[in-house]
Amino acid sequence: KFMALSSAIQFVTVLRLYQVNANMSDWQFLWIDLILILPLAVLMARTGPYERLSRQRPQATLISLPVLASVLGHVALCTVFQVFAAEWTLQMAGFRCDDSCPGPRPPAPAVPLLGSCP
């Protein structure tokens, strides 16, 4: 669950950046791993057991409705937060944006012109 969630969060982050014609550098991926993933992994490893055992058997498969609903819910929450943060940043008075910001753009030609080939 942890690995799927961390991969999905990075995937959503990269998709949001591609939407504004930006890309993450290796250093930015490193900082995401150091600040988000490493502490989460350390804290998950330090989690102790529950006080008493349950009579119910644990789930035998990772592809089940509760597990998928949990992961997809977390990804949806992350996506909503990232969209909110991006829109809030674009609305700030002191924020200057270059040509890569989202907004109305002229449509790209659907078929490349033959005269533009080398």
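Q: If contact means heavy atoms within 4.5 Å, what share of the contacts in the protein chain with a separation of 6 or more comes from residues 24 or more positions apart?

A: For contacts in the protein chain with a separation of 6 or more, 64% come from residues 24 or more positions apart. Keep in mind that this is a predicted model, where local features need pLDDT of at least 70, side-chain atom pairs count only at pLDDT 80 or more, and totals for chains, interfaces and linings use all residues. Residues are numbered from 1 along each chain as its sequence is written, and side-chain values use heavy atoms, with hydrogens and water left out.

Q: How do α1 and α2 pack?

A: You compare axes, which are lines fitted to C-alpha atoms over the stretch in contact, with angles from 0 to 180 degrees between N-to-C directions. Helix α1 (residues 2-19) and helix α2 (residues 26-45) pack at about 155°, with axes 12 Å apart. That's why α1 and α2 are roughly antiparallel (over 145 degrees; under 35 is roughly parallel, 65 to 115 roughly perpendicular, the rest oblique). On the α1 side, F2, S6, Q10 and V14 make the contact, while α2 brings F29, I32, D33, I37, L40, A41 and M44.

Q: And at what angle do α1 and α3 pack?

A: For α1 and α3 the angle is about 30°, and their axes are 10 Å apart. That makes α1 roughly parallel to α3. In α1, the residues A4, L5, A8, I9, V12, T13 and R16 meet V71, H74, V75, C78, T79, Q82, V83 and A86 of α3.

Q: Is Q82 buried or exposed?

A: Buried means under 20% relative accessible area, exposed over 50%, and partly exposed in between (1.4 Å probe, protein chains only). Q82 has 17% relative accessibility, so this residue counts as buried. You can find Q82 in helix α3 (residues 65-91). Apart from neighbours within four places in sequence, Q82 is in contact with I9, V12, T13 and R16.

Q: What percentage of the residues of the protein chain count as buried?

A: Of the 118 residues in the protein chain, 17% count as buried.

Key
Contact = heavy atoms within 4.5 Å. Helix = DSSP H or I, 4+ residues; strand = E, 2+ residues; numbered from the N terminus.
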